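Dear colleague,

Please find the structure below, handed over for your use. A short account of the findings follows it.

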Amino acid sequence: MAKNIPGIMRQKRFVPWMYLLPALFVMAVFIIYPGFNTLFLSLRNDTNSDWASVDCSPDEPCWGIFENFRYALTSPIMKTAFINNIKWIVIMVSATVGMGLLIAVLADHVRYESIAKSIIFLPMAISFVGAGVIWKFMYNFGSGQVQIGFLNAIVRAFGGEPVSWLTEPKFNTLALIVVGVWMWTGFCMTILAAAIRNVSTEILEAARVDGANEWIVFWKIMVPQIMPTITVVVTTMVINVLKIFDVVYVMTGGNYGTEVIANRLYTEMYANYDPGRASAIAIVLIAIIIPAIIFNIHRFNEQEAVR
Amino acid sequence: MKKSRFFRWLEGLPIHIVLIGLCLIWLLPTLGLLVTSFRPVQDINETGWWTIFSKPKGYEEFQSYCAPCHGESGNALPSADLTNPDLVNNYRRSFNLLSSLNSEISGQPHMESIAVPDEQAAANILSYMRRISGIDDRPIFTFSNYIDALSGYRGRNTYSSDCESGQQSLDLFCDARDLANPRGMGRAFFNSLAVAIPSTIIPILFASFAAYAFSWMDFRGRQWLFALLVGLQVVPLQMTLIPISRLYAQLGLNGTFLGIWLFHTGFGLPYAIYLMRNFLGSLPREIFESAYLDGASHWTAFIKLAIPLSVPALASLAIFQFLWIWNDLLVALVFLGGEHPVLTYQIGNMVTSLGSGWHLLTAAAFISMALPMIVFLALQRYFVRGLLAGSVKG
């Protein structure tokens, strides 16, 4: 990287730092400092007046100074949150990437490609809150004869009993994930479509001439070639899903067994006023994401080597 | 020739069916919201939005029970004209109607050969009669939901009807001042703008400086500093909320615009610098070299060369940052709260407090979606470019 810079452009030593200073200062205050402060707070009690170990009660297990982490890792509500986050990751990531790939491949074959892509992509422009309202209306459950929610109207049309989608523990997390899929498929589709366009048409044509059908061409030639992009999309989606908050907050508030990690953090901080527990949850969250950070830097260094 | 074209079309048919089907599924939820936001409140709760062009509630029952004698329009019998409001007002409840249907008229049973409707059917007939008599006449589409949402109206009728009759609640003025009502979406719209515009400009400005240094200046630690930046991009926002809100409490920045601008700047920067550096770094070296040979300083090269050349990157960055901030709920909830409610905050509040006030909720949601959708559709090219530059090309 450095070797690209011509010698005539060298400058006094402090000049680069003048350009960097505003950005570095703001990032230090808003990202680096809070990181360390959160780590510290996670070891403190709920009023930050003493270490967390004072919250221990004698007849319960105690993790000493890590008492908040006992809550963050073993409490029933956090267990629900972990299980739900895993559900979110498995279902939402596979659905968005799968559907995104499907639509990208199909749209490549039609003339109204750009319109179709815009339609799928449009939910990305909407806030989670707006999407929450849209889907709460779709899922609406009327106790009487009339169903104004589209889904229950369909259920009724097929002779079924209307379902309260958002309070029924069998369906509600899945119902929330559908909203996430609706919003994020466009993102996966756009990136995968760009990758597909970069696949050399000559190789595809050669395979077709050799008698390979579309199915084989897709799995044996297309997918291996765009595999690096798929990995990137999957990583990005996993990070996004881990941080999911707004959908749950707006649609169920984390009730009826739909709790997720980020919503629990918010509840602990701003409803229960326990910064210790909230910080511990935040630390757990960042610990889960650290592999993704390392992966990102690693990938970046690889790309720089190619450059 | 013709045959082969037909076969090609037939081969492509499954693709079209799947793709168009998916597009319809994707559009349907938004369409439902849009249609509902323009319907009168009674209609929203009586029938699904997809029935908008079908006959009103009670039409079927009226046709089978009443039309044989009273006629399709309800005024075939002058003595018992069902479009007469005075007559309909006698039947405010369905059991009134039923008891009158059960009683005899001049020695003959009212319904003669036709069976008397059950309670549900009678209620539907009644609501249809109120419609054709003009007591409860309402249009298919109305703007009143939007007016109510913008002005923060929470009463039982509509903002305009209350204002006409002079019975508005104490905090409504019935003029442009109501757009500033703290409960309304009008004020929230301006708050959202006040949050989003500076929070878009400041980080892009800072990022351009930093990105220039990263691409065209040489200094120690450049490599690892930039690698750190790549890592910072995925740091979850949640982790920083607690320390920053404590810091803000000490500085008195909680609930101020300045506080939220700075926060969004901090969080927008890693991605913004990353994207700008990728763009600036890919500009041809010769341009900068010759500028330098001509005696240009770094400052001149930055202002006269780097900034004008990177307009496409600046555009994608601006769209990204703007949409992200406009749509954000969490940061607004924590740092602004009810002090300066933004659109997302307002809707979030309405969802929890109104429950099923769908006429207000759908209109409010659409008010908040309109601007990002326009921005997105108009500038989609830049949006997609930014997305690709950020996550694939690197």
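The notes below go through the chains, their contact, the cores and some individual residues.

This is a predicted model, in which local features need pLDDT of at least 70, side-chain atom pairs count only at pLDDT 80 or more, and totals for chains, interfaces and linings use all residues. Residues are numbered from 1 along each chain as its sequence is written, while chains are lettered from A and ligands numbered from 1 in the order in which they are written.

Domains

The bounds given here come from an automatic or database domain assignment. Chain A is divided into domain 1 (12–74 + 275–289) and domain 2 (77–258), and the C-alpha centres of these two domains lie 33 Å apart. For chain B the assignment gives domain 1 (2–37), domain 2 (59–132) and domain 3 (185–393). Between the C-alpha centres of domain 1 and domain 2 of chain B the separation is 45 Å.

Contact between the chains

Two residues are in contact if their C-beta atoms, placed from the backbone, lie within 7 Å. By this criterion, 86 residues of chain B are in contact with 84 residues of chain A. On the side of chain B that touches chain A, helix α1 (residues 2–37) of chain B gives the most, with 14 residues; helices (H or I, at least four residues) are DSSP runs, numbered from the N terminus. That side of chain B comprises 57 nonpolar, 24 polar and five charged residues. Here Ala, Val, Leu, Ile, Met, Phe, Trp, Tyr, Cys and Pro count as nonpolar, Asp, Glu, Lys and Arg as charged, and the others, Gly among them, as polar.

Nonpolar cores

A nonpolar core is a set of buried Ala, Val, Leu, Ile, Met, Phe, Trp, Tyr and Cys residues joined through C-beta atoms within 7 Å. A residue is buried if 20 or more other C-beta atoms lie within 10 Å of its own, exposed if 12 or fewer, and partly exposed in between. The largest nonpolar core has 174 residues, and Ala210(B) and Ile273(B) have the most contacts inside it. Helix α7 of chain A gives the most to this core, with 16 residues. Apart from it lies another core, of 13 residues, including Val88(B), Leu97(B), Leu98(B) and Tyr128(B). Leaving out residues up to four places away in sequence, Ala210(B) touches Tyr19(A), Leu20(A), Ala23(A) and Ile273(B).

Helices of chain A

In helix α6 (residues 150–157) of chain A, Leu151(A), Asn152(A) and Ala153(A) are buried. The cover over the buried residues of α6(A) includes α5 (128–138) of chain A. Just after α6(A), Gly159(A) takes a positive phi of about 85 degrees.

Most residues other than glycine have a negative phi. Tyr256(A) lies in the loop between α10 (246–251) and α11 (261–270) of chain A, and it counts as partly exposed because it has 14 C-beta neighbours inside 10 Å. Tyr273(A) lies in the loop between α11 and α12 (275–306) of chain A, and this residue is exposed because 11 other C-beta atoms lie within 10 Å.

With kind regards

Conventions: Helices (H or I, at least four residues) and strands (E, at least two) are DSSP runs, numbered from the N terminus.
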